[in-house]
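This briefing goes through one chain by topic.

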Amino acid sequence: MIDWVSLKAKCRHNPDILLSGRSIRTKMIDGVEHLHYEILNRLVVEGSYSSNITLRSHTDGTIEISGNPAKFLQGHNVFGTNDLVYLVSKLFDRLCQIKELELSPTDFERQLIQNGNYRLTRVDVNEHFLFPSEQLAKAWLRAAGRSATLKYRGSGIYKDGTMYFAPKSRRLVSLIYHKGDEITSPDKKHRLADELLLIPELLDYAKRSLRFELRTLSTQLNHLDLAFGCNWKKDTATMLLYDHFISKLQLSANMSLDHSVLENLPKNLRLTYAAWVNGEDLRQVLSRPTFYRYRTEFLKFGIDISIVQDVEQQISNVVPMIRYLEAMPMGIPAWAYERNLVA
């Protein structure tokens, strides 16, 4: 889905309205204070369930829009559309309906928006992957935090439940996190409205999934010839995410448990785990029913004991994320349309 958009578009407006104060910085030259630069602060516009979009006058005939269109329109960003041109057009129409903003685009300017004729400076895209349980999703993320690498970008950084790759990049930033934790957190910026948290299907959807997200900034948008909305097709977001993130994400062929989890394992599983780590083929050691019973237990912690460990080649033994994950993109469920949860 399209999760964040920053853009500049032609629109007739009142610059004094799209203003929330000014920020200035000064510097001393020969003992005299001079204005270094001045920034017009963005105007915050509240949408569904207190979800915000910011606006600012860029030039006399151009405005800047930045924020999460799906969340502004739907009240949540658990899922949403990949059609950027449609989403921006719908967002623009909603903003024009707010009389206090005094946006008065001409028919020509409205047509430009509908056709995608505006410049993009940032676009975030994402996809959810489904796990059998919330426990397994979180275990997989913790394990990936210790072993995942992104081709040409190196190891990730695991911090506060989120896996980051190249977080300071001016081109692309990739991240993985558990959506369920985000929407139920005490942080009002991310927590969903209480009314939405009462929808069991929505909560289950978020709790059993991990979100793979790609933040594409201005330099990379220009490089990929995606700096204008009209260059985005309905499958562009998915292709961008897979080509520049998911296809390049690699994991060790299996991932070890952290010590805190290992200590809580039953004794019979600890011995089995030790044998597996040392390279034992557990299919040859355990009876078939026992092997599959243990495999089910270990899968809850992100471990697949059916993959025999090559002790000598563990460092170089990496596989693409999709092959190991064995999960499926979730998409938008049918019940979401029935409950009017999609813009």
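Of the 343 residues of the chain, 45% count as buried, where buried means under 20% relative accessible area, exposed over 50% and partly exposed in between (1.4 Å probe, protein chains only). The model is predicted: local features need pLDDT of at least 70, side-chain atom pairs count only at pLDDT 80 or more, and totals for chains, interfaces and linings use all residues. Residues are numbered from 1 along each chain as its sequence is written, and side-chain values use heavy atoms, with hydrogens and water left out.

**Overall make-up**

- The chain holds 15 helices and 16 strands; helices (H or I, at least four residues) and strands (E, at least two) are DSSP runs, numbered from the N terminus.
- Among contacts between residues at least 6 apart in sequence, 70% join residues at least 24 apart, a contact being heavy atoms within 4.5 Å.

**Helix α3**

- Glu109, Leu112 and Ile113 are the buried residues of helix α3 (residues 107-115).
- Seen down the axis of α3, these buried residues fall within an arc of 95 degrees, so they line one face of the helix; the arc is that of the directions from the helix axis to the C-beta atoms.
- The buried residues of α3 pack against β1 (2-10) and α2 (84-96).
- Asp107 and Phe108, on the other side of α3, are exposed.
- Gly116 follows α3 and has a positive phi, near 85 degrees.

**Leu141 in helix α4**

- Leu141 lies in helix α4 (residues 134-147) and is buried, with a relative accessible area of 3%.
- Leaving aside neighbours within four places in sequence, Leu141 is in contact with Tyr158, Gly161, Met163, Ile176, Tyr177, His178 and Leu210.
- One of these partners, Gly161, is 20 residues from Leu141 in sequence and 7.9 Å from it in space, C-alpha to C-alpha.

**Helix α11**

- In helix α11 (residues 267-277) the buried residues are Leu269, Thr272, Tyr273 and Trp276.
- They cover an arc of only 100 degrees around the axis, which puts them on the same side of α11.
- Lys267 and Leu271 are exposed on the other side of α11.
- After α11 comes Gly279, whose phi is positive, near 100 degrees.

**Aromatic rings**

- A pair of aromatic rings is described by the distance of the centres and the angle of the planes.
- Rings of Phe, Tyr and Trp (its six-membered ring) pair if their centres lie within 6.5 Å; planes under 30 degrees apart count as stacked, over 60 as edge-to-face and the rest as tilted.
- The count by this rule is nine aromatic pairs.
- The rings of Tyr273 and Trp276 have centres 5.8 Å apart and planes at 35 degrees, so this pair is tilted.
- Tyr273 and Trp276 are three residues apart in helix α11, and about one helical turn separates them.
- Both Tyr273 and Trp276 are buried.
- Phe129, Phe165, Phe212 and Phe245 form one aromatic cluster.

**Largest pocket**

- About 1,100 Å³ of space lies in the largest pocket, a volume being the space filled by probe spheres set on grid points that are joined across faces, edges and corners.
- Of the 40 residues that line this pocket, Lys71, Asn77, Glu182, Lys189 and His190 are the closest to its centre.
- On a 1 Å grid over the protein atoms alone, a pocket is an open set of points where a 1.4 Å probe fits, with protein on both sides within 12 Å along at least five of seven lines, and lining residues have an atom within 4 Å of a point.
- The lining divides into 10 nonpolar, 13 polar and 17 charged residues; Ala, Val, Leu, Ile, Met, Phe, Trp, Tyr, Cys and Pro count as nonpolar, Asp, Glu, Lys and Arg as charged, and the others, Gly among them, as polar.
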